[in-house]
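Please consult the sequence and the structure while reading.

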Amino acid sequence: MAKKRKKRKKSSNKRVVPAILLLLLLIGCGMWHMKQTRQNPSPATSQILPHIPNAEMAQTPASRTEQILRRTGYIVSYNARWKQPNWVGYELLRSELQGSSTRTDQFLTDPDVTGIPANTRDYTRSGYDRGHMAPAADMKWSDKAMEESFLLTNICPQSPGLNRGRWKELEEQVREWARRDSALLIVCGPIVDTSKKTIGQHQIVVPDRYFKVVAAPYLDTPRGIAFLFDNSNDQPSMKALAIPIDSVEKITGIDFFYLLPDSIETQIESNISPELWNLN
């Protein structure tokens, strides 16, 4: 009996060793997959970080009027008093830059707005451009996303020199960063400091300034950067406009990327590292 028990124990050991080797192999493959997912995140899920687009990208101050509108390609925090967004947020993936959808150039009143919405005629002969927050060129991956980018809840009154100058330049630069870094989180919007100027029958408030914050949280070394623009035709260099994200939080009262782990949020919001963003 003793020999039989010894023999069965020896046979069991032979099965345990391959099982341990298989377990180690699976762990190694899992760690490699997690690293690949972080560097090349899927638009549907992330193994490392929460998938921000399915929730709010920012928290608006409680004192600010807000209506959350979820679109195919972006999220809007709409301000009924200003007749424009508090902010617009979206995720931009490298794969989304290859889409074939073309611009509609048809600005539309948003039917989902609570209260009286803005009308495209409010901008006619106002001296201000209909400035996209989530750019149409970032929505080429979907006809629906492209169409929705022209809803007026995604539009703000911008000085022509800003809209066609530094703002457009930054939009193009963000697409280059998305090609390089695989995935970015972007939030932008107007800043109303003391402006009492309005345009159109529906009295759309003309912002004093604009902000845009950009984060690359999926990199091995996460990073972020922000920009602050005066709503004017004359703009300094892009490098001069760059500031840390937490500086924009202090100015606007908006808490960006609050769903990220604190360690990553702090890292991307506290410094800008201009050399990593190729700013001129």
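**Salt bridges in the predicted model**

E176 is partly exposed, its relative accessible area being 43%. This value belongs to a predicted model, as do those that follow. The partner of E176 in a salt bridge is R179, with 2.7 Å between the closest N and O atoms. Both residues lie in helix α4, and because they are 3 residues apart there, about one helical turn separates them. R179 likewise counts as partly exposed, at 35% relative accessibility.

Salt bridges that share partners join R71, D110 and D112 into one network. Within this group, R71 and D110 form a salt bridge whose closest N and O atoms are 2.4 Å apart. This pair links distant parts of the chain, 39 residues apart: R71 sits in the loop between β2 (67-70) and β3 (75-79), whereas D110 sits in the loop between β4 (84-93) and β5 (129-132). Both R71 and D110 are buried.

Helix α4 also takes part in a further pairing. D138 forms a salt bridge with R175, and the closest N and O atoms are 2.7 Å apart. Since D138 lies in the loop between β5 and α2 (143-148) while R175 belongs to helix α4 (residues 166-181), the pair ties together parts that are 37 residues apart in sequence. D138 has a relative accessible area of 1% and is therefore buried; R175, at 13% relative accessibility, counts as buried because the cut-off is under 20%.

A search of the whole structure finds 10 salt bridges, including the pairs described above: E176 with R179, R71 with D110, and D138 with R175.

How values were computed. Residues are numbered from 1 along each chain as its sequence is written. This is a predicted model: local features need pLDDT of at least 70, side-chain atom pairs count only at pLDDT 80 or more; totals for chains, interfaces and linings use all residues. Side-chain values use heavy atoms; hydrogens and water are left out. A salt bridge is a side-chain nitrogen of Lys or Arg within 4 Å of a carboxyl oxygen of Asp or Glu. Helices (H or I, at least four residues) and strands (E, at least two) are DSSP runs, numbered from the N terminus. Buried means under 20% relative accessible area, exposed over 50%, partly exposed in between (1.4 Å probe, protein chains only).
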